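Subject: A structure for you to look at

Hello,

Please have a look at the model first, and then read my notes below.

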4 protein chains.
Amino acid sequence: MSDLRVAVLGVGVMGADHVVRLSSRISGARVTVVNDYVADKAEQLAATIPGCRAIADPLDAIADPDVDAVVLATPGPTHEKQLLACLEHTKPVMCEKPLTTDVSTALDVVKREAELSTRLIQVGFMRRFDHEYAALKALLDGDELGLPLVLHCAHRNPAVPPSFDSAMIVRDSLVHEVDVTRFLFGEEIASIQIIKPQPNPAAPRGLADPQIAIMRTTSGKHVDVELFVTTGIAYEVRTEVVAERGSAMIGMDVGLVRKGAGGTWGGQITPGFRERFGQAYDTEFQRWVDAVHRGRNTGDFTDGPSAWDGYAAAAVCEAGVESLNSGQPVDVQMVDRRTIPGA
Amino acid sequence: MSDLRVAVLGVGVMGADHVVRLSSRISGARVTVVNDYVADKAEQLAATIPGCRAIADPLDAIADPDVDAVVLATPGPTHEKQLLACLEHTKPVMCEKPLTTDVSTALDVVKREAELSTRLIQVGFMRRFDHEYAALKALLDGDELGLPLVLHCAHRNPAVPPSFDSAMIVRDSLVHEVDVTRFLFGEEIASIQIIKPQPNPAAPRGLADPQIAIMRTTSGKHVDVELFVTTGIAYEVRTEVVAERGSAMIGMDVGLVRKGAGGTWGGQITPGFRERFGQAYDTEFQRWVDAVHRGRNTGDFTDGPSAWDGYAAAAVCEAGVESLNSGQPVDVQMVDRRTIPGA
Amino acid sequence: MSDLRVAVLGVGVMGADHVVRLSSRISGARVTVVNDYVADKAEQLAATIPGCRAIADPLDAIADPDVDAVVLATPGPTHEKQLLACLEHTKPVMCEKPLTTDVSTALDVVKREAELSTRLIQVGFMRRFDHEYAALKALLDGDELGLPLVLHCAHRNPAVPPSFDSAMIVRDSLVHEVDVTRFLFGEEIASIQIIKPQPNPAAPRGLADPQIAIMRTTSGKHVDVELFVTTGIAYEVRTEVVAERGSAMIGMDVGLVRKGAGGTWGGQITPGFRERFGQAYDTEFQRWVDAVHRGRNTGDFTDGPSAWDGYAAAAVCEAGVESLNSGQPVDVQMVDRRTIPGA
Amino acid sequence: MSDLRVAVLGVGVMGADHVVRLSSRISGARVTVVNDYVADKAEQLAATIPGCRAIADPLDAIADPDVDAVVLATPGPTHEKQLLACLEHTKPVMCEKPLTTDVSTALDVVKREAELSTRLIQVGFMRRFDHEYAALKALLDGDELGLPLVLHCAHRNPAVPPSFDSAMIVRDSLVHEVDVTRFLFGEEIASIQIIKPQPNPAAPRGLADPQIAIMRTTSGKHVDVELFVTTGIAYEVRTEVVAERGSAMIGMDVGLVRKGAGGTWGGQITPGFRERFGQAYDTEFQRWVDAVHRGRNTGDFTDGPSAWDGYAAAAVCEAGVESLNSGQPVDVQMVDRRTIPGA
């Protein structure tokens with residue numbers, strides 16, 4: 001199966017991240033085209049990626065025969081036109097939020113895609129792929145908690161750029177909790193109220209921060225969200241579901257914690273080595289593959305424990321087995337590493 | 001840069017995992033050859049991987065011109081011969097532990113690699129790549145904790161296969177803590193003692209389980225390891241370093257927890273969205289790329305939030321901004337999804 | 001200093017608890033009079049307390065010359081009259097909430113006490129004396145967190161009596177968070193809104209449960225309270241303050257957890273043995289004093305570790321010191337306990 | 001029941017604490033005699049306690065007819081003589097550890113008490129009364145965990161006095177874990193080994209710190225204890241039992257945490273208001289009783305929420321009930337506190 005050829009439109013912070021992601025961590029895809037309204041930035045980035053070139057016009061990039069699929073990391077106001085071009089060329093597109101910047105154009109895009117007999121547009125609400133949110137969703141979809149009733153969320157940023165205004169707290173921050181609510185509860189939001197408490201003295205003058213969003217879903221579930229983007233602390237995204245037979249919370253830096261039957265609180269111990277060390281194996285192998293690629297130049301085809309490390313472990317375990325049998329302390333016998341130049 | 005062509009030798013549980021890993025999650029590599037002493041198993045696996053074939057003899061697989069690098073997941077007793085073949089053909093090799101099954105052959109391998117002017121052998125101590133161990137290592141390498149003094153470890157498995165004997169607890173379980181000790185402290189282990197307490201009534205008759213390993217490093221640091229492989233609970237791997245100016249613990253299912261200056265305990269809040277949601281972005285993109293590949297057959301090029309989800313978020317945020325301005329609850333206006341067939 | 005002679009009015013669940021508390025755990029007080037509108041209940045309880053008698057009329061009990069101070073655990077509607085009687089007789093009174101059952105009579109009581117040149121009435125908002133709330137208050141009164149901005153509370157009961165109605169969730173449950181808010185923030189509450197989400201299917205028909213209270217203080221601080229009294233789980237009372245320079249949370253069964261400078265989360269390690277074991281010392285001594293009182297009858301003047309336990313500890317420590325010097329394991333030498341009848 | 005009249009011998013830090021404890025927090029006892037080898041210290045302390053006097057000779061204090069029971073907080077070497085005097089006068093005695101300073105005199109004391117047909121001596125191993133140790137003991141005595149197998153302990157002090165030597169780490173620190181082991185497992189300790197790792201650079205020269213104690217009980221259970229008395233951090237006393245069907249840990253500043261069936265970790269949510277706020281009620285009442293005693297002088301018979309606080313709560317709840325009915329925000333109506341002088 002040949003690699004998917006991807007065009008990334010918009011290579012600011014987020015788009016450039018996606019270029020690195022697709023080039024070095026994602027299997028089965030490569031970036032063949034980049035585009036940015038600052039043409040130089042795209043040119044420079046393209047030069048660092050083998051087989052990638054910059055195309056100045058975003059619509060040309062979408063239409064290019066060298067492009068199988070598109071990532072949109074461009075500013076929101078350009079999304080409508082670019083999405084419609086993707087639909088026209090039947091190119092799958094991953095679109096960073098927002099879909100478009102207003103409701104009517106968003107609805108237009110929905111309708112245009114619906115007219116095709118295929119789904120081409122995915123929106124970048126990435127929290128659905130976070131393992132904690134996925135675990136919370138799985139918990140809600142099971143029987144354990146019963147009917148969900150209330151959702152408490154906190155969304156805290158240490159700081160925001162100077163251009164961030166009060167409405168962006170709704171459009172750029174709350175939007176994630178809007179999708180989280182819809183994802184977890186599987187229903188639409190019927191009403192919303194934004195409360196503006198006494199503002200944080202450390203917030204820029206004029207910024208209504210924190211804000212509290214109170215939402216109600218179609219079936220009457222309550223959702224509250226603390227939005228606080230000038231905390232000065234760190235990135236805290238917390239979500240708690242209170243349900244008929246228990247509650248569960250994620251985002252406390254301690255995994256998913258649930259409270260439930262028997263009056264207990266706690267989490268799940270990682271059940272096996274795959275869950276505990278799967279990330280480690282992936283990282284190990286990716287770094288090893290990268291090191292082998294580099295090794296043609298460096299003469300070192302490793303990036304991790306060496307043969308010496310394997311030898312040392314063997315020496316200790318051999319002494320350990322001897323102690324297991326004798327019950328006595330055993331000295332570990334090893335050659336002096338300096339006697340083996342190159343080891 | 002063309003993909004690294006990898007031969008995976010030994011496709012039991014672990015080797016088959018590595019084939020999937022290299023084929024579907026690792027960028028820049030693909031599996032071209034698989035081998036197993038059960039030839040059928042290798043044939044069947046090869047048939048599922050595009051561009052991959054089975055080779056019956058492991059040494060032929062290593063020598064094959066279609067192979068740039070080798071993964072050894074074969075039984076330990078075959079490692080020596082296979083590693084030497086890799087060295088002979090100058091092929092980089094990722095070798096699952098143990099390097100070899102006894103100290104003298106392990107030392108031979110070290111010496112043979114040292115005679116070449118290149119590093120080709122990496123040993124699969126994957127814990128070094130786990131983010132918690134990496135964070136603990138970084139903490140020890142910094143100034144905060146001062147000189148490390150004591151290491152407490154627990155290594156608990158819910159169960160082991162019937163063939164598992166008392167010595168395997170040392171060779172297959174303790175071996176990881178041996179490498180962890182050497183990795184964290186950067187020094188060799190000088191002596192070891194295995195204590196056999198009253199055995200677990202639930203352990204198979206004759207298995208000395210739990211065991212306690214007491215180790216001493218060359219500079220006199222103390223290490224103790226509880227090895228308990230029949231707990232019936234889950235997979236618990238815990239490591240605590242006690243140092244001159246504080247202590248830190250990982251593996252409690254709550255991230256790295258440190259105790260230190262000011263008499264406080266706690267952890268680090270994830271500092272930003274990259275640390276918090278990096279995994280989610282990677283998963284999102286890998287699943288999207290896979291969905292686009294599949295889409296040629298299914299007509300659905302997405303695996304995540306749809307255009308409708310983007311529209312719904314826009315509708316709620318628009319109402320939210322209205323409430324931000326008015327201070328009043330605002331009903332969310334959305335079209336009925338059923339009026340747009342295909343949405 | 002002679003013991004304070006206390007009358008306890010109302011000896012239902014709560015009042016009876018207070019009688020035990022004053023009789024057996026509180027130094028410097030004893031219960032001389034009990035009263036209940038069910039006269040038999042008071043008579044029976046009085047019979048179990050040395051020097052205590054029942055008085056049928058609550059106002060007679062207040063006026064009794066044998067009474068220095070009064071505890072009111074009577075139903076709310078009787079409080080007004082009883083409080084005024086205490087003021088008239090200048091008797092200090094600890095009044096369980098509510099002060100009175102409506103605002104105008106409560107204000108009357110405030111005014112009557114204010115006319116005296118003394119403070120006689122204390123209201124039983126006991127959370128102010130909880131060590132976690134006290135620690136949270138101390139944290140807020142210090143400089144670390146800066147200006148408090150938002151208060152999130154959850155108040156969850158496993159179940160309520162059949163007579164509990166929707167308004168009692170406000171009057172009997174929320175009332176505690178009302179006092180907590182005023183205690184922590186030191187300001188009054190200016191407005192309140194109660195939100196009724198989709199009710200818990202497990203709640204009695206007609207009970208609006210859960211409820212969400214949204215309050216705003218005079219300076220504009222936001223307070224939200226989840227009130228949920230039919231969780232079926234346990235007693236969960238949680239309070240989180242979000243402030244200018246950090247946040248702190250209590251009631252998670254893990255002590256006070258704060259998030260703050262440096263992007264860290266965590267708590268305080270108990271600084272010394274007094275903080276860690278103060279409760280143990282108090283319990284140890286109370287139980288010893290009680291055992292000595294009982295010993296006149298039982299012949300056993302202890303309720304804890306015996307002389308044998310002291311001997312055994314000495315034997316182990318002596319062996320430990322020998323091992324400290326020799327570095328070798330040392331067998332502990334002890335006589336056979338059965339050779340000392342009575343030990 | 002008249003108060004127990006207690007003599008406290010030795011009024012250094014610990015003894016003086018016990019005098020305060022018995023005088024102000026323990027019901028049913030009072031201190032009538034104090035003694036110290038520094039006579040002035042005893043005199044000065046006696047002067048602050050109503051009805052208490054100093055007696056210069058400890059044996060006279062024990063014999064005094066005004067003394068029902070004795071607390072020994074004197075130096076260890078004096079214990080033997082004082083304990084024998086208590087036995088001779090048939091006076092119950094609470095003896096701070098050690099019972100005596102060597103094994104043979106400890107055994108003598110055991111034998112002398114055993115010859116009487118009564119138990120008079122209790123040893124001050126106060127951890128048995130700590131609620132976490134009590135919860136751990138209760139857990140072990142139940143069926144849930146099955147046979148206990150291994151005990152891991154850590155005993156960390158921030159600092160020790162200059163006079164503290166290596167043997168005192170065994171005699172004064174480890175002694176507590178010795179008793180904890182015997183208490184939790186209900187069996188004697190058969191052997192002990194002390195390991196001296198590389199010492200903490202911050203420890204006084206010559207002090208072997210940290211130390212590791214390895215103990216084995218009569219049935220073969222393994223116990224290890226990290227003793228580290230110069231951590232510079234705080235007071236950390238941690239105990240973990242690993243058993244046949246799960247494990248449990250206390251002393252992590254987060255309550256008792258267990259790991260067990262179903263592969264879960266966590267703790268118990270406080271089941272009800274008595275468990276959650278029992279301490280708060282006790283503190284509230286003790287402080288109120290003390291305030292009423294003081295009120296005769298101060299004119300303020302309260303130490304907590306006032307009538308105004310009760311009024312304010314009533315006003316908010318009344319508005320809350322109105323909002324419950326209307327669903328709308330309701331302004332809270334309160335009089336201006338300044339209009340009621342004295343409120």
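Before the rest, some housekeeping. This is a predicted model, in which local features need pLDDT of at least 70 and side-chain atom pairs count only at pLDDT 80 or more, while totals for chains, interfaces and linings use all residues. Residues are numbered from 1 along each chain as its sequence is written, chains are lettered from A and ligands numbered from 1 in the order in which they are written, and side-chain values use heavy atoms, leaving out hydrogens and water.

**Chains A and D**

The contact takes 11 residues from chain A and 11 residues from chain D, where contact means heavy atoms within 4.5 Å. Of the interface residues of chain A, 100% are also interface residues in chain D, so the copies meet through the same surface. About 960 Å² is buried between chain A and chain D, with 56% of that area from carbon and sulfur atoms; buried area is the accessible area (1.4 Å probe) that two parts lose on being put together, summed over both. Zero salt bridges are found across this interface of chain A and chain D (a side-chain nitrogen of Lys or Arg within 4 Å of a carboxyl oxygen of Asp or Glu).

**Chains C and D**

Chain D is superposed on chain C by a rotation of 180° with 0.0 Å of shift along its axis, at an RMSD of 0.0 Å. That is the relation of a two-fold axis. In chain D, Val254(D) has the C-alpha nearest this axis, 1.9 Å from it.

Here 142 residues of chain D touch 141 residues of chain C, and the buried area is about 12600 Å², 65% of it from carbon and sulfur atoms. On the chain D side, Arg119(D), Phe129(D) and Leu324(D) lose the most area to chain C, together 7% of what that side buries. Of the interface residues of chain D, 99% are also interface residues in chain C, so these copies too meet through the same surface. Between chain D and chain C there are 12 salt bridges. Glu132(C) and Arg276(D) also meet in a salt bridge, at 3.4 Å from N to O.

**Salt bridges elsewhere**

Over all chains, the whole structure has 100 salt bridges. One to look up is that of Arg182(B) with Asp309(A), whose closest N and O atoms are 3.0 Å apart. Arg182(B) lies in helix H7 (residues 166-185) of chain B and Asp309(A) in helix H9 (residues 307-326) of chain A, so the pair joins two chains. Helices (H or I, at least four residues) and strands (E, at least two) are DSSP runs, numbered from the N terminus.

**Backbone details**

The peptide bond from Asp209(A) to Pro210(A) is cis, with omega near 5°. Pro210(A) sits in the loop between strand E8 (189-195) and strand E9 (211-217) of chain A. In chain D, a cis peptide bond joins Asp209(D) and Pro210(D), with omega about 5°.

Enjoy exploring!

Terms used: Copies are superposed by least squares on the C-alpha atoms of residues with pLDDT of at least 70 in both.
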